[in-house]
Amino acid sequence: MKITCENGHCFERISSCRVCPICAASAHKDYEFLLQFSAPAQRALFQHKITSLEDIQKNNLEDLSKLHGIGKSTINKIKQLLN
Ligand SMILES: [Zn+2]
């Protein structure tokens, strides 16, 4: 039985699990990006749906630095990534 997930991926349903393997893999990739930050920063970024460098570029650093959990070291890390 073929299933199309909410993001438009087509996949074969093998078990009763409805999790799309493509979405699951990309969620894992997002998580890997966040791993370079401290735990509070990871939560803050994830809550604001910032899970990639592109997402960070859509926001300005001043706004990001106001988020709860984003400290000076995280902002420095982000600046390094953007260079
Ligand atoms: Zn999917």
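1. A residue counts as buried if 20 or more other C-beta atoms lie within 10 Å of its own, exposed if 12 or fewer, and partly exposed in between. Take Cys23 as the test case: it has 14 other C-beta atoms within 10 Å, so Cys23 comes out as partly exposed. Cys23 sits in helix α1. Setting aside its neighbours within four places in sequence, Cys23 makes contact with Cys5, Asn7 and His9. Asn59 is another matter: 36 residues separate it from Cys23 in sequence, and the C-alpha to C-alpha separation in space is 24 Å.

2. Before going further, keep in mind that this is a predicted model. The mean pLDDT for the protein is 87, with 94% of the residues at 70 or more. Confidence is lowest in α1, where the mean is 80, and highest in α5, where it is 95. Where pLDDT is low, the predicted coordinates should not be read in detail.

3. On to the overall layout. The protein has five helices and two strands, and from the N terminus on the order of elements is β-β-α-α-α-α-α. The radius of gyration is 16 Å, well over the 12 Å that the globule rule gives for 83 residues, so the protein is more spread out than a compact globule. Along the principal axes, the C-alpha atoms fill a box of roughly 50 × 20 × 20 Å.

4. How is the chain divided into domains? The domain assignment gives domain 1 as 1–35 and domain 2 as 37–83. Their C-alpha centres are 25 Å apart.

5. Of the 83 residues, 11% count as buried. Among contacts with a separation of 6 or more, 26% are between residues 24 or more positions apart.

6. Now for α1 as a helix. Its 14 residues should span 20 Å at 1.5 Å a residue, and the C-alpha atoms at its ends are 20 Å apart, so the two values agree. How many of the 14 residues of α1 are buried? The count is zero, and α1 is hardly covered.

7. Helix α2 (residues 39–47) does have buried residues, namely Ala41, Ala44 and Leu45. They cover an arc of only 95° around the axis, which means that they lie on the same side of α2. An α-helix has 3.6 residues a turn, so residues three or four places apart point the same way. Ala39 and Gln47 are exposed, on the other side of α2. What covers the buried residues of α2? The cover includes α1 (21–34) and α5 (72–82).

8. One backbone angle deserves a look. Lys49 follows α2, in the loop between α2 and α3 (53–57). Its phi is positive, about 60°, although Lys49 is not a glycine. Most residues other than glycine have a negative phi. Is Lys49 buried or exposed? With 10 other C-beta atoms within 10 Å, against a cut-off of 12 or fewer, Lys49 is exposed.

9. Ile78 is found in α5, and it is buried because 23 other C-beta atoms lie within 10 Å, where 20 or more is the requirement. Not counting residues up to four places away in sequence, Ile78 touches Ile56, Leu61 and Leu64. Between Ile78 and Lys58, 20 residues apart along the chain, the C-alpha separation is 13 Å.

10. Asn76 also has its place in α5, but Asn76 counts as exposed because it has 10 C-beta neighbours inside 10 Å.

Methods
Residues numbered from 1 in each chain as written. Predicted model: local features only at pLDDT ≥ 70, side-chain atom pairs only at ≥ 80, totals over all residues. Helix = DSSP H or I, 4+ residues; strand = E, 2+ residues; numbered from the N terminus. Arc of directions from axis to C-beta. Contact = placed C-beta atoms within 7 Å. pLDDT = per-residue confidence, 0-100. Expected span 1.5 Å × (residues − 1). Domains from an automatic or database assignment. Rg over C-alpha atoms; globule rule 2.2 N^0.38 Å.
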